[in-house]
Amino acid sequence: MDVLYFNGRFTTTDEPVIRVEDRGYQFGDGIYEVIKFLNGRLVLPQDHFRRMTNGLAEIEITNPWTEASFYKMCDELLQRTEFLAGIVYVQVTRGVTERVHFCPADIEPVALAYTRGYEFPDAAKKERGISTITAEDSRWKYCNVKSVNLLGNVLAKRKAQQAGAEEALLMKDQEVKEGASTSFFAVRDGRLITHPADTSILPGTVRDHVISLALEAKIRVDERPLREDELFTLDEAFVTSTTLAVMPVSEIDGRIIGNSRRGEITSVLQELYDQLEEKSVRVVQTA
């Protein structure tokens, strides 16, 4: 069973802890984070804590942790976990109160975190890549907040699943925004193209590092919307996320991208990001 942290104490995910009138359950009034861990150590925890802090501030929920107390909680969570690789899921909701749209100003947030084993992509899949489809972006306005409001993402993922694909690329105003659970990168003429970081995409932690690694490797990065009519003239494409890292896209809507194999730039960035992960794995610092 998985280890669960809930509002200051440790238990397991077998214990029912969420109240009926938790605003995260009833209104989607909360945020979440997913952090990878390897060998019992978090990968890039500072980036996830920063994004969580920004998201909580954006929707005016008090952060229940300082940075030091967050690492201390994660450290104990991982010490109690029997397996050495997987994810830590973190969620903070506004709290529990009577189900009305207005809520008390002094409501106490509900904070939880738990570990879950995860099978990360192997070398063969990282070379083979994944198939994708396009889907309408029906999400809310503040996609830059990692909100638990994920119905639009879930419906797009369901469409991909029904089509036998592994990801959906979200389209709005004839532009590619991002994947339903990933950031999207196109490669053309030796340069990267990815949507600029605004309220229509999530500021992906892996996305940000890939951009920095590309620039360090003298690969040009154009942060601009990719038009729908450009999708099938790409040399390469890939998506990024905490669980997939840098993952090639082999086809979109049944049409092969490049030569249906991992491209040269994708391969370079895969290797650079894998090296970054290895370097970043650290013992969580405690207060």
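Predicted model: local features only at pLDDT ≥ 70, side-chain atom pairs only at ≥ 80, totals over all residues.
User: Why is Asn7 called partly exposed?
Analyst: The relative accessible area of Asn7 is 38%; because buried means under 20% and exposed means over 50%, Asn7 falls in between and counts as partly exposed.

User: Where is Asp253 found, and what is its phi?
Analyst: Asp253 is found in the loop between β15 (245-252) and β16 (255-256), and it has a positive phi of about 50° although it is not a glycine. With a relative accessible area of 37%, Asp253 is partly exposed.

User: Why does Thr132 count as buried, and which residues does it touch?
Analyst: The relative accessibility of Thr132 is 1%, and because the limit for buried is under 20%, this residue of strand β7 counts as buried. Leaving aside residues up to four places away in sequence, Thr132 touches Ala165, Glu167, Leu169, Val249, Glu251, Ile252 and Asp253.

User: What makes the buried residues of α5 line one face of the helix?
Analyst: The buried residues of α5 are Gly152, Asn153, Ala156 and Ala160. Seen down the helix axis, they fall within an arc of 100°, and therefore they line one face. What covers them includes β7 (130-136) and β8 (167-172), whereas the face turned away from the buried side carries the exposed residues Leu151, Gln161 and Gln162.

User: Why is the pairing of Lys157 with Glu167 called a salt bridge, and what does the pair tie together?
Analyst: The closest N and O atoms of Lys157 and Glu167 are 3.0 Å apart, and because the criterion is a side-chain nitrogen of Lys or Arg within 4 Å of a carboxyl oxygen of Asp or Glu, the pair forms a salt bridge. Lys157 lies in helix α5 and Glu167 in strand β8, so the pair ties together parts that are ten residues apart in sequence. Lys157 is partly exposed, with a relative accessible area of 28%, while Glu167 is buried, at 1%.

User: How do you know that Asp2 and Arg116 meet in a salt bridge, and where do the two residues lie?
Analyst: The N to O distance between their side chains is 2.5 Å; because the cut-off is within 4 Å, Asp2 and Arg116 meet in a salt bridge. Asp2 lies in the segment before β1 and Arg116 in strand β6 (residues 110-117), so this pair ties together parts that are 114 residues apart in sequence. Asp2 is buried, with a relative accessible area of 12%, whereas Arg116, at 36% relative accessibility, counts as partly exposed.

User: How many salt bridges does a search of the whole structure find?
Analyst: The search finds 23 salt bridges, and one of them pairs Arg191 with Asp222, whose closest N and O atoms are 3.3 Å apart.

Technical notes:
Residues numbered from 1 in each chain as written. Heavy atoms only, no water. Buried < 20%, exposed > 50% of the residue type's maximum accessible area, 1.4 Å probe, protein only. Helix = DSSP H or I, 4+ residues; strand = E, 2+ residues; numbered from the N terminus. Arc of directions from axis to C-beta. Contact = heavy atoms within 4.5 Å.
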